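Have a look at the structure first, then go through the points below.

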Amino acid sequence: AERRYDEARTEFERALALGPRTPEALQGLVRALLATNRRGEALQRLAALAAAEPQHALPLVIQGDLLYQDRRHVDAEKAYAAAAERAPTWWLPVRGRALVAVARGDRAAAIALLEAALPKVAEPLAVRAELAAQYEAAARVDDAVRQYEEILRVSPNALLAANNLAMLLVTHRADRASLQRADALVAPLADSRNPNYLDTYGWVKLRNGDAATARAALERAVALAPDMAIARYHLAMAQLATARSEEARRSLVAALASAEAYPGRREAELALDRLGGPPRS
């Protein structure tokens, strides 16, 4: 935390010598190596530990993650597959293989991997969350909704699932029952300090016609995460709904200044055009 990375690396190495399967020690060592631009050394250390501990899957998962980030998809797939052989009920190797499949342009294969793993893994709720995200990306909204609803049936206080389901509903559905369900889902998010949760809360409130509450929540979200383009767009829509056109114009300009792709970007462009474009300097 003090960025004394060489000293940190030494201590993490000592911890690994005492407990080669200590996950915090391995993760910390890799972070320290990456922070000092020693990515190659991190990969070598992971490979050595995986060879020395033939039943230990974590080094292979972290190795797969780094290779995936480097877009070395063939090597990443091999690392994740080897991890899955060592830990067949662990969900992380499955998620890794699914991400590689998506990166290769085969989302159907990713979905098939996750569906096949669901009855086998020890963390089915985590797989359901990943599966829901892939269903949504594949425009299988009903399937995504079912996965989130099952997560919430088993774990009613799962805020991330509630957040994601609420946003899914208001993004893809306009019927009253779906909007009311989303409104009920976001109730626990009202006092959150998480800008993503506040963004969802505000957007759901706006979609349900409560523009004043929406604007207040979205202002808090933007204050916490000024670079969050989608929250800027949502705030602009709430500002327009409460007759604050000049504030909305500024929010739209900020939302469109980002290169980030997000649902509603085209709507943001159209809204700014209707307002006459950016403010003149």
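A residue counts as buried when its relative accessible area is under 20% and as exposed when that figure is over 50%. With that cut-off in hand, take helix α16, residues 265–274, where Ala268, Ala271 and Leu272 are buried. Bear in mind that this is a predicted model.

**The chain as a whole**

- You're looking at 16 helices and 0 strands.
- Along the principal axes, the C-alpha atoms take up a box of roughly 65 × 45 × 35 Å.
- The chain has 281 residues, and 44% of them are buried.
- If you take contacts between residues at least 6 apart in sequence, 47% of them link residues at least 24 apart.

**The nonpolar cores**

- The largest nonpolar core holds 70 residues, and the ones touching the most other members are Leu165, Tyr233, Met237, Leu252 and Tyr262.
- Apart from that one there is another core, of 18 residues, which includes Leu46, Leu67, Ala79 and Tyr80.
- What does methionine 237 contact, once neighbours within four places in sequence are left aside? Its partners are Trp203, Leu206, Leu252 and Ala271.

- After α16 comes glycine 276, with a positive phi near 95°.

**Histidine 234**

- Histidine 234 is found in helix α14.
- Is histidine 234 buried or exposed? It's buried, with a relative accessible area of 2%.
- Not counting residues up to four places away in sequence, histidine 234 touches Met167, Asp199, Trp203, Leu206 and Leu218.
- Tryptophan 203, one of those partners, is 31 residues away along the chain, yet the two C-alpha atoms are separated by 6.2 Å.

**Positive phi outside glycine**

- Asparagine 37 isn't a glycine, but its phi is positive, at about 60°.
- You'll find asparagine 37 in the loop between α2 (23–35) and α3 (39–52). Its relative accessibility is 74%, so it counts as exposed.
- Arginine 71 is another non-glycine with a positive phi, near 65°.
- The loop between α4 (58–69) and α5 (73–86) is where arginine 71 lies. Why does arginine 71 count as exposed? Because its relative accessible area is 70%, and the cut-off for exposed is over 50%.

Note on methods. Residues numbered from 1 in each chain as written. Predicted model: local features only at pLDDT ≥ 70, side-chain atom pairs only at ≥ 80, totals over all residues. Heavy atoms only, no water. Helix = DSSP H or I, 4+ residues; strand = E, 2+ residues; numbered from the N terminus. Buried < 20%, exposed > 50% of the residue type's maximum accessible area, 1.4 Å probe, protein only. Contact = heavy atoms within 4.5 Å. Core = buried A, V, L, I, M, F, W, Y, C linked by side-chain atoms within 4.5 Å.
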